[in-house]
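Please read it alongside the sequence and the coordinates.

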Amino acid sequence: MQDQPSPPPSSLAGTARRVVAVTGAARGIGLAICREIVDDGQYVIAILRNSARVSEVQAVLGEHGRAVVCDVGSDRSVVELFANIRRQEGRLDVLINNAGIIEPIGRISETDAAQWATAIDVNLVGAYRCVRAALPLLLANPPDSDGQRGLIINLSSGAAHRPQEGWSAYCASKAGLAMLGRAIDLEYGSLGIAVTGFAPGVVDTGMQGQIRASGINPVSKLPRESLVQATGPARIVAALVRHCPVAYRGQEIDARDTAIAGLVRD
Ligand SMILES: NC(=O)c1ccc[n+]([C@@H]2O[C@H](COP(=O)([O-])OP(=O)(O)OC[C@H]3O[C@@H](n4cnc5c(N)ncnc54)[C@H](OP(=O)(O)O)[C@@H]3O)[C@@H](O)[C@H]2O)c1
């Protein structure tokens, strides 16, 4: 984990802004979430896998956040990141586990075992690593009027609940992530940790480009024009960061559900 060159504010204590950490923030849905949360007046820690896009993402955040490098596939990198957040911001209110990969795409016998394990390591174990490191910070917050001390949003998918041909690793990782959410709710819900799995719909990002290129299942055949832009689900995530309704805590929710889409204010 490396810091950006220019130092962020040393502490946000005493401000009403929430401190929100977003993994996989270099592009796609993660970057759109960062934009929306900054526009909403919160403070964002944008977590990038490598340093190539740090200055571009920092320019998006301006003074309302900082871009940091952390590979969620590395225990050490994740532990260092959250120790750094404790030192720099002094607190954390929301963790958004967005980092994810779709590869390997292929029928099970065609996939490489090491690549399959990497998908589980990034999509599932990466989220676990971040949750484990973030929990002490989240639990240290005073409860709000609903008893919530911290919020965890895991980027879920229809693939968590329905297999798609060629996506065995991705589907297994997202199904595991959904169960991780239930485990967090069971163990920490009564202590004030709210957790929600959020499926963003079929979104026009680099991941969908990889899916289209594979041509293996019905999702890969969807015309690009039919996909939603990342801003839509990102606005819903920003609304959840403002206030995650009690009814959604411990649940998997979907951007295509009209009640969920209705969370976004005009
Ligand atoms: N797009 C969809 O239709 C869709 C649908 C359902 C769910 N989702 C979920 O939404 C999330 C975002 O997807 P997306 O479509 O925005 O994907 P994307 O455009 O491929 O972006 C994924 C992001 O995750 C980052 N990442 C990958 N491995 C990482 C690691 N080890 N450590 C830190 N960051 C890492 C990538 O970093 P680099 O930029 O360095 O590669 C990239 O910034 C994923 O969890 C995905 O499963 C997407």
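## Surface and overall form

The accessible surface of the protein chain amounts to about 12000 Å², and 52% of it belongs to carbon and sulfur atoms; such areas come from the Shrake-Rupley method with a 1.4 Å probe, and for residues only the protein chains shown count as cover. This is a predicted model, in which local features need pLDDT of at least 70 and side-chain atom pairs count only at pLDDT 80 or more, while totals for chains, interfaces and linings use all residues. Residues are numbered from 1 along each chain as its sequence is written, and side-chain values use heavy atoms, with hydrogens and water left out.

Along its principal axes, the C-alpha trace of the protein chain spans about 55 × 40 × 35 Å. The secondary structure comes to 8 helices and 7 strands, where helices (H or I, at least four residues) and strands (E, at least two) are DSSP runs numbered from the N terminus.

## Contacts, burial and charge

Of the 266 residues of the protein chain, 51% count as buried, a class that means under 20% relative accessible area, with exposed set at over 50% and partly exposed in between (1.4 Å probe, protein chains only). Among the contacts (heavy atoms within 4.5 Å) with a separation of 6 or more, 68% are accounted for by residues 24 or more positions apart.

The protein chain carries 26 positive and 26 negative side chains, and the centres of the two sets lie 1 Å apart. Here Lys and Arg count as positive and Asp and Glu as negative, whereas His and the chain ends are not counted; the place of a charge is taken as NZ of Lys, CZ of Arg, CG of Asp or CD of Glu.

## Two nonpolar cores

A nonpolar core is a set of buried Ala, Val, Leu, Ile, Met, Phe, Trp, Tyr and Cys residues joined through side-chain atoms within 4.5 Å. The largest such core has 39 residues, of which Ile33, Ile96 and Phe198 touch the most other members. Helix H1 (residues 28–39) gives the most to this core, with 7 residues.

Leaving aside its neighbours within four places in sequence, Ile33 is in contact with Val22, Ile96, Asn98, Leu155, Ala234 and Val237. A second, separate core of 29 residues includes Phe82, Val131, Ile184 and Ile193.

Gly166 is placed in the loop between strand S5 (150–155) and helix H5 (168–188), and it counts as buried because its relative accessibility is 9%. Beyond the neighbours within four places in sequence, Gly166 is in contact with Pro104, Ile105, Gly106, Arg107 and Ile216.

Pro104 is found in the loop between strand S4 (94–97) and helix H4 (113–139), and the peptide bond leading from Glu103 to Pro104 is cis, with omega near 10 degrees.

Ser214 belongs to helix H6 (residues 206–214) and counts as partly exposed, at 30% relative accessibility. Apart from neighbours within four places in sequence, Ser214 is in contact with Ile105 and Ser220, and the C-alpha atoms of Ser214 and Ile105, 109 residues apart along the chain, are separated by 7.2 Å.

Arg132 lies in helix H4, where its relative accessibility of 56% makes it count as exposed.
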